[in-house]
Structures are given as structure tokens and as C-alpha cells.
Amino acid sequence: MAVSAALRAAITRAQNADQHSEPVFSPLRGLGRGRLTPIDLLGQSLSTIAPATGMVFIALWMITYSPGYVGLAAIAATTSAVFLVAFCITQFTRRLAAAGSLYSFVFQGSGIRATLTAGAALVLGYLGISVSVFSQAVPSLLDTIAIVGPDVRGTAATVITTVAIALAVAWIAVRGVRFATRAILVVEACSLILIVVVMLATHSDTTTAVALPNPSLSAVPFLAMLTVLSMAGFESSAFFGPEAKRPLISVTRTVLISPIICGGLFVFAAWAAMTGHGATIVGAYFEGTASGASAEVVLAVKIGMTCSWFASTLGCAQAGSRLLYSMGIERVLPAPLARVHRRFRTPYVAVLAFVAVSAAGVFIYSDTVRDDSGSFDGVVETALVCAYTLVAFASWKFLRRIGEHTSLTRICTLSVSTAGAGLLVYIVLDGAVHGMWALPIAALAVAVSGTVWSALLRRARPESLLMVGAFDSVETADLLPGAGTLLIDGDGRRRLVPDRGTSEGDSPEHGR
């Protein structure tokens, strides 16, 4: 009887519902909602990280500087630290979906200035990663072409290849995430299988002849920082929360799984380098057949690495464009960045802007920065550590505000916040001691960016400060008929009010 009475009441509410009220939409509804599966999200994260390339570079440094088991332990410990960062991030992904990812999450726990600081750090970090991997994809592709055909390497070929890769990345990113991530996941999986098989099947005690600059840090801290840089973008699936199916579950799982997968691969690469199983693949990529590797192995490694570099460039473009799109929605950046393609539902203006800046950065990097890549990587690492530290501290404040802290979350969030702050101080001091002034300058620029940015917005577009932190929220179409009417009050907050003819006791808001 109670069930029948509840059913009749629901039918009555549906019949009496106000069908003429103005519908309420999510601020991020321009992106296609509920399209991406967990496989798509995993493909996005792995494409951004490009673990195949990280394995080769970790093996290179392990062979070159021989840190032994201490270096192996440093990589494993860094992986554990990144997992703790992922745990802090999931305190937000369990509760909301936002195209701005960490930028939007920081707002939920900290103020606007901290949010804008995190946004500036993320823009700098993702653009830096994109420029770095893009600049590696170009010569890698030209080297591959030289193996199977004519040697076309040169200035003109570099320019043409850079433009071609930029156009391909932009076209795929505008075409849609699902179109890209599944193909990329297959390609990356093939690259990883190739690298693992070559490492297991070959053994050589020959050290690489690649000329490498001495890092400013000692070998062990440098390996830890290299691991952090190699894992950059593990959280990129969070940018696609509004586009994912069951985002609070699928995004959370992807954010947690990604560093575990990549960390395991990096530890394996370090072990392979220590035991003589990494020299062949390192030599094949950096020295070609001069290393003693067969032409077939060199070609396979070059193709795999080129595909991985391209996948990482594409992953950065897809994630970075969502960040710019979110900022365009909020008007903290120009509004045209929020334009969405009618058919593909992708932020095409943000994609084109991100790819264009990345391509321009490649030319600058090739001309002026390549000889000082250590400083460039250090700047990118500084920005990323800043963003991760801010989101960890914001998660501590957020959980305290909503009263959902546990002993585990308190320990993790405060530990990551403290470790991140300490690492930033270490990076700045080490850079100053070794004359790498780009690092302290970058840290200072990121630190003041939020204050400067908010002051400029307060003068130019003060209304944008009220829109910061946009996330995917309930729409009128998400409600069952008769559940009530969704309205936006004077403070911009969504409220569910009972429909006409519904008693106060039947209102979903009753008792709240």
C-alpha cells in the first residue's frame, strides 16, 4: 500500500509539474556528456604520460650514472609519492566532474588567488610538456624516415614536419576524444610490448656513448625528478569528467591506476638497465645501428618511440584544451576559447590555440633552449609540483570544510602538501646554487601569478571572479518528472523547489 501511495503521489507531481519554467543547464554542457568509457579515460592518461618514452630515458640515466639499487628505490619511492598525489586528487573526483581538473578542484578548498595560481601552473606545465614531447617527435620521425627512405633531415624538413604534426594533432583533437584515445591506447600498448620484449630478450654490458650533460642535482634526486616529469599528466583523465560515463567512479579509478601502471613500468626499466637488459634499446634509439643493434630493431624502436611522442603531444593538446575551455567558460581567459564544435562537441578554438602555441614553442625550443634543456625541464617540473602541492592542500581544506576527513586523508593530504612545499624550496635553492636562475624565477612567477591575475580580472572583468571553479552540475533534464523545479537563485546557486501542488512534506528539499 505504501508503495502504491508513493507511486500515485509521484504521478500526481509529474502531472502538476510546471512544464513552462526556464530550463537550467550545466555550464559545461557544450561538451558531450556521458560519452567516454573507462578505456577512453585510460587511453587519455597513458597517451599524455607516454610511458614508453619514459622507460627509455630512465634506462638511459640509470646506465649513464649507475645509481644502482638506490636509484631503483628512488624511482619506486617517487611512484609511491605520485600515488599519494593521485589519492588527494580523487577526493575531488569522487564528488564532482570538472573540465578544469586540478584548477577547478583547488577552488573547492582554497581561494580564488590559489585557484588562479594553480591554473597558471597547469597552463605552464602542460604547455611545457607539450613543447618538450613535440620537439622530440619531430627529429624522431625524420630519423625513422631516413632509415626506410631518403635522408631528408634539415631545417626545411624540420619546419615542414613540425607543421604537419601540428595539423595532424589539431585535426584528431577536434575530431573527438574517442576517435583518438582508443587508437592511441593500441599504439602505446604496442610500443610498450616492443620495449619490454627487447629488454627481456637482449643483454649487453656495453654502456651508451650518448653525450649527456651532468644534471645539477645528484643522481638520485635527479632520477626522482625525472620520474615526476615522466609521470606528468597522469591526472589528465580528470579533464574529461564532464564527458565521461559515471565520471565519479571511472575518473577516480583511472587517476589511481595510471601512476601504478607507469610506476611499475619505470621500475622495470630501471631494473633492466641495472642488469644489462636496457643497453640495447637505449643504444638503438640514440645511436642507431652504430650501437651494434640490427637495422630491424632500430627501425622498430624508432617507430614505437615516434608513435609514443606523437601520442603524448596529442594527449597534452586534448587535456590542455579542456583547461583553456574551462577558463574561457569562466571568462578568466578570452570567451572564444569556450566555443565548441557543433558536430564533434570539442572545444576547437582552445585546441587550435594550444596546438599553435606548442608549435611556436617547438621552434623557440629548437633554436634557443635545446642546449639548456635541464633548465627547461626544471621550469616544467616546478610548475607541476606547484600545482600538485596546491591541490593536495586544497583537498585537506575541502574535506575539513565538508566534515568528511578521516585519519588516512589527513595524513595523506598534509604529507603531500608538506613534501611538495619542501621540494619546491629544494628546487629553488638548488637552481640558485648551480646558477640555473630560470628555476627560482619560474617559482616566483607562478607564486605571484594568482595575485596578479585576480587583480587584473577585478579591474577588467570582475564578474568572472564569481564564475571561477565551474564544474558539471545537474540540469533540468536530469530530474525525474515531478521531482521539483530546478532554479538558479540570486547567488547563482542551483535550488530544487517543489512544484505547484506538491506538499512541503513531499518536497525533495524538505528537511535539508
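Me: Is Asp 40 buried or exposed?

Reply: Buried means under 20% relative accessible area, exposed means over 50%, and partly exposed lies in between, with a 1.4 Å probe and protein chains only. Asp 40 has a relative accessible area of 0%, so Asp 40 is buried. The model is predicted: local features need pLDDT of at least 70, side-chain atom pairs count only at pLDDT 80 or more, and totals for chains, interfaces and linings use all residues. Residues are numbered from 1 along each chain as its sequence is written, and side-chain values use heavy atoms, with hydrogens and water left out.

Me: In which helix does Asp 40 lie, and which residues is Asp 40 in contact with, leaving aside neighbours within four places in sequence?

Reply: Helices are DSSP runs of H or I with at least four residues, numbered from the N terminus. Asp 40 belongs to helix H2 (residues 38-49). Contact means heavy atoms within 4.5 Å; with those neighbours set aside, Asp 40 contacts Arg 35, Arg 178, Thr 181 and Arg 182.

Me: How many residues of H12 are buried?

Reply: Of the 36 residues of H12, 27 are buried, so the helix is largely enclosed by the rest of the structure. Arg 331 follows H12, with a positive phi near 70°.

Me: How many disulfides are found?

Reply: A disulfide is a pair of cysteine sulfur atoms within 2.5 Å. A search of the whole structure finds zero. The sulfur of Cys 412 has its closest cysteine sulfur in Cys 88, 6.2 Å away, which is too far for a bond. Cys 412 is buried at 10% relative accessible area.

Methods: Helix = DSSP H or I, 4+ residues; strand = E, 2+ residues; numbered from the N terminus.
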